[in-house]
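Here are some short notes for a first look at this structure. Please read them with the model open.

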Amino acid sequence: MSDAIHRSGFVGIVGRPNVGKSTLLNYYLKEKVAIVSPKPQTTRHRILGALTRDDAQIIFLDTPGLQKPEHALGRHMQEAVKAVLDEADVIAVMIDGRVGLTDADEQVFARIKEVVRWRRGEPRVPAVLLAINKVDAVKKPKLLPLLEACAKTGLFADCIPVSALTGVQMDTLLERIVAHLPEGPRWYEPGQRTDQTPQRLMSEFIREQILMATHEEVPHAVAVLVEQVEERERVTVIQATILVERPGQKAILIGRGGLMLKRIGTAARQQLERLLGRKVHLELWVKVAEDWREDERMLRELGYLDSGAS
Ligand SMILES: Nc1nc2c(ncn2[C@@H]2O[C@H](COP(=O)(O)OP(=O)(O)OP(=O)(O)O)[C@@H](O)[C@H]2O)c(=O)[nH]1
Ligand SMILES: [Mg+2]
């Protein structure tokens with residue numbers, strides 16, 4: 001190793017739901033550690049992803065979308081965001097360039113302003129960058145006024161249009177992030193990419209397929225608990241329970257003649273086989289746990305209470 005500067009630190013990825021935060025994390029890690037879906041509130045806990053280079057270790061913290069909580073799960077989600085905002089060296093705020101600035105984005109900006117003011121007394125005030133995402137789907141003339149409006153807030157050290165999906169300008173954003181990281185050592189072994197346990201990844205991969213297949217309130221009312229993982233000679237057997245809040249949601253998930261559950265099971269199995277690199281046998285059950293989103297005991301069991309920054 002040369003004695004060139006080595007930088008390291010935490011990069012909080014924040015923004016309203018559905019702007020593409022988890023897509024960005026997966027893009028930089030070149031690996032799926034966070035599930036992604038077109039439904040808002042896909043991410044429910046903090047997800048750490050470490051990118052190790054010779055000159056820097058960038059520790060991304062993906063977060064649930066910032067919004068007003070509506071239930072106990074929502075409150076824990078927002079606590080996870082708060083913990084990240086309190087410890088990040090760089091705060092990467094994301095908006096959806098296709099949609100432009102919404103009230104929800106303005107509320108995010110106001111919140112970040114507050115955090116910066118609050119942390120002003122600390123030895124290192126976090127740098128705040130703005131990623132204007134989804135520019136693959138935005139026409140240039142629409143982008144310029146948006147860039148101007150964002151710059152005018154005075155909040156951001158940089159405003160960078162990117163596409164987390166196609167990679168446009170993602171190198172530029174990464175270099176700006178690294179430039180704002182403090183000098184520091186590697187905190188994680190290069191092979192250690194995420195803090196997500198295999199069990200957690202499995203349950204998330206299953207939930208992702210449920211998000212893809214269901215609509216309206218059902219995706220939000222679903223949680224997945226991996227009950228057992230058994231490594232057999234040729235196959236990994238995974239038993240998981242899908243929790244829903246109401247009998248009607250259970251009926252929807254199972255579908256006529258069990259077709260819906262079968263479809264979800266097949267799609268999830270394929271994803272799990274890719275994750276584990278071996279054959280998977282997946283057994284799914286659907287169970288009603290009334291109002292589990294308000295039930296602290298259930299939330300703990302599902303791992304939603306230990307998702308704040310350590
Ligand atoms: N066209 C386009 N779509 C994108 C881009 N980035 C993300 N998406 C899509 O936007 C949707 C939301 O992406 P996510 O990464 O789940 O968004 P998120 O901000 O993590 O959402 P929450 O976890 O719900 O807060 C998905 O359908 C993505 O495929 C992009 O650069 N371009
Ligand atoms: Mg997400």
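1. Start with the contact between helices H7 and H8. From H7, Ile-252, Leu-253 and Ile-254 take part. They meet Leu-259, Met-260, Leu-261 and Ile-264 of H8. By class, this contact has seven nonpolar residues, no polar ones and no charged ones. Keep in mind that the model is predicted.

2. Now the geometry of that pair. H7 covers residues 247–254. Its axis lies 5 Å from that of H8, at an angle of about 65°. Angles of 65 to 115 degrees count as roughly perpendicular, and H7 and H8 are therefore described that way.

3. H8 also packs against H6. H6 spans residues 198–213, and H8 spans residues 259–276. Their axes come within 9 Å and cross at roughly 140°. The two helices are therefore oblique to each other. The crossing is right-handed.

4. Which residues of H6 meet H8? They are Leu-201, Met-202, Phe-205, Ile-206, Glu-208, Gln-209, Ile-210 and Ala-213. On the H8 side, the residues include Met-260, Arg-263, Ile-264, Ala-267 and Gln-271. By class, the contact of H6 with H8 has 13 nonpolar, two polar and two charged residues.

5. Turn to the metal site. The magnesium ion (ligand 2) is coordinated by Ser-22 through OG and Thr-43 through OG1, at 2.0 to 2.1 Å. Ser-22 sits in helix H1 (residues 21–29), while Thr-43 is in the loop between H1 and strand S2 (47–52). The pair therefore ties together parts that are 21 residues apart in sequence.

Methods
Residues are numbered from 1 along each chain as its sequence is written. Chains are lettered from A and ligands numbered from 1 in the order in which they are written. This is a predicted model: local features need pLDDT of at least 70, side-chain atom pairs count only at pLDDT 80 or more; totals for chains, interfaces and linings use all residues. Side-chain values use heavy atoms; hydrogens and water are left out. Axes are lines fitted to C-alpha atoms, for helices over the stretch in contact, and angles run from 0 to 180 degrees between N-to-C directions. Helices (H or I, at least four residues) and strands (E, at least two) are DSSP runs, numbered from the N terminus. Angles under 35 degrees count as roughly parallel, over 145 as roughly antiparallel, 65 to 115 as roughly perpendicular and the rest as oblique. A crossing is left-handed if the near helix is turned anticlockwise from the far one by less than a right angle, and right-handed if clockwise. Contact means heavy atoms within 4.5 Å. Ala, Val, Leu, Ile, Met, Phe, Trp, Tyr, Cys and Pro count as nonpolar, Asp, Glu, Lys and Arg as charged, and the others, Gly among them, as polar. Donors are N, O and S atoms within 2.8 Å of the metal (3.2 Å for Na, K and Ca); water is not among the atoms, so sites may look incomplete.
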